[in-house]
Amino acid sequence: MGLEDLQHNFLTGRLEDLVKWARRNSVWPATFGLACCAIEMMSVGAADFDISRLGMEVFRASPRQADLMIVAGRVSQKMAPVLRQVYDQMMEPKWVISMGVCASSGGMFNNYAIVQGVDQVVPVDVYAPGCPPSPETLLHAILTLHEKIRTGAITRRPGPVPQRGEQLAGWVAEQPDAVRVATPR
């Protein structure tokens with residue numbers, strides 16, 4: 001009896017590959033638009049660039065329904081604890097795209113009020129460069145993230161993750177057992 005005699009079609013594969021495929025095709029973004037880059041991020045959801053073809057139809061309003069945070073714009077010292085709190089409320093596995101030069105490195109705002117890179121607050125998986133980056137650049141960053149998810153390279157998360165009492169970007173991470181909260185220094 002050969003394969004041609006079987007009455008039903010079937011596929012074989014690794015469960016890990018199926019899980020990666022499902023994660024890659026159902027990434028739900030939570031927006032964190034802070035400045036002019038947010039306008040470009042909004043245009044990615046519009047008809048011309050339409051990220052619904054990537055399984056990302058709706059930007060989630062609640063971090064508990066999202067697994068991708070797109071940080072678009074400059075992050076102030078006062079906003080850093082809020083950003084970290086939203087990140088901590090997201091479900092696992094979670095990813096971060098830093099959109100724009102201000103989010104990635106502080107941009108032209110080299111002063112005490114702006115965090116000099118969002119990677120000091122949350123671990124960043126993909127950087128989208130530009131001032132502001134075009135919608136095509138954000139799409140490229142999303143596709144790069146999809147490729148990282150597919151290949152499994154995303155499991156080795158870069159960047160710092162603040163521990164209890166550790167100071168990052170001028171604030172101290174204080175993490176009770178259930179919830180992480182940041183307090184200004």
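Me: Where is the place of Pro93?

Reply: Pro93 is in the loop between α3 (80–89) and β3. Helices (H or I, at least four residues) and strands (E, at least two) are DSSP runs, numbered from the N terminus. The peptide bond that leads from Glu92 into Pro93 is cis, with omega near -10 degrees. This is a predicted model, in which local features need pLDDT of at least 70 and side-chain atom pairs count only at pLDDT 80 or more, while totals for chains, interfaces and linings use all residues. Residues are numbered from 1 along each chain as its sequence is written, and side-chain values use heavy atoms, with hydrogens and water left out.

Me: How many helices and strands does the chain have?

Reply: The chain has five helices and seven strands. Read from the N terminus, their order is α-β-α-β-α-β-α-β-α-β-β-β.

Me: In what sense do β1 and β2 pair?

Reply: Two strands pair if DSSP finds at least two bridges between them. Here β1 (residues 29–33) and β2 (residues 68–72) pair in the parallel sense over five bridges. Pro29 stands opposite Leu68 in β2.

Me: Which residues have the most contacts inside the largest nonpolar core?

Reply: A nonpolar core is a set of buried Ala, Val, Leu, Ile, Met, Phe, Trp, Tyr and Cys residues joined through side-chain atoms within 4.5 Å. Buried means under 20% relative accessible area, exposed over 50%, and partly exposed in between (1.4 Å probe, protein chains only). The largest core has 23 residues, and Leu68, Ile97, Met99 and Leu138 have the most contacts inside it. Two or more residues each come from α2, β2, β3 (95–99), β4 (126–128) and α5 (135–151). Helix α5 gives the most, with six residues.

Me: How many disulfides are there?

Reply: A disulfide is a covalent bond between the sulfur atoms of two cysteines. The test is a pair of cysteine sulfur atoms within 2.5 Å, and by this rule the count is zero. For Cys37, the nearest cysteine sulfur is that of Cys36, 4.8 Å away. Cys37 counts as buried because its relative accessibility is 4%. For Cys102, the nearest is the sulfur of Cys131, at 5.4 Å. Cys102 is also buried, with a relative accessible area of 10%.

Me: Is Gly100 buried or exposed?

Reply: Gly100 has 0% relative accessibility, so Gly100 counts as buried. Gly100 is in the loop between β3 and α4 (101–105). The C-alpha atoms of Gly100 and Cys37 are 6.4 Å apart, although 63 residues separate them along the chain.

Me: Which charged residue lies over the face of Trp28?

Reply: A charge sits over a ring if NZ of Lys or CZ of Arg is within 6 Å of the ring centre and within 35 degrees of the ring normal. Arg60 lies over the face of Trp28, at 4.0 Å from the ring centre. The charged end of Arg74 sits over the ring of Phe109, 4.8 Å from its centre.
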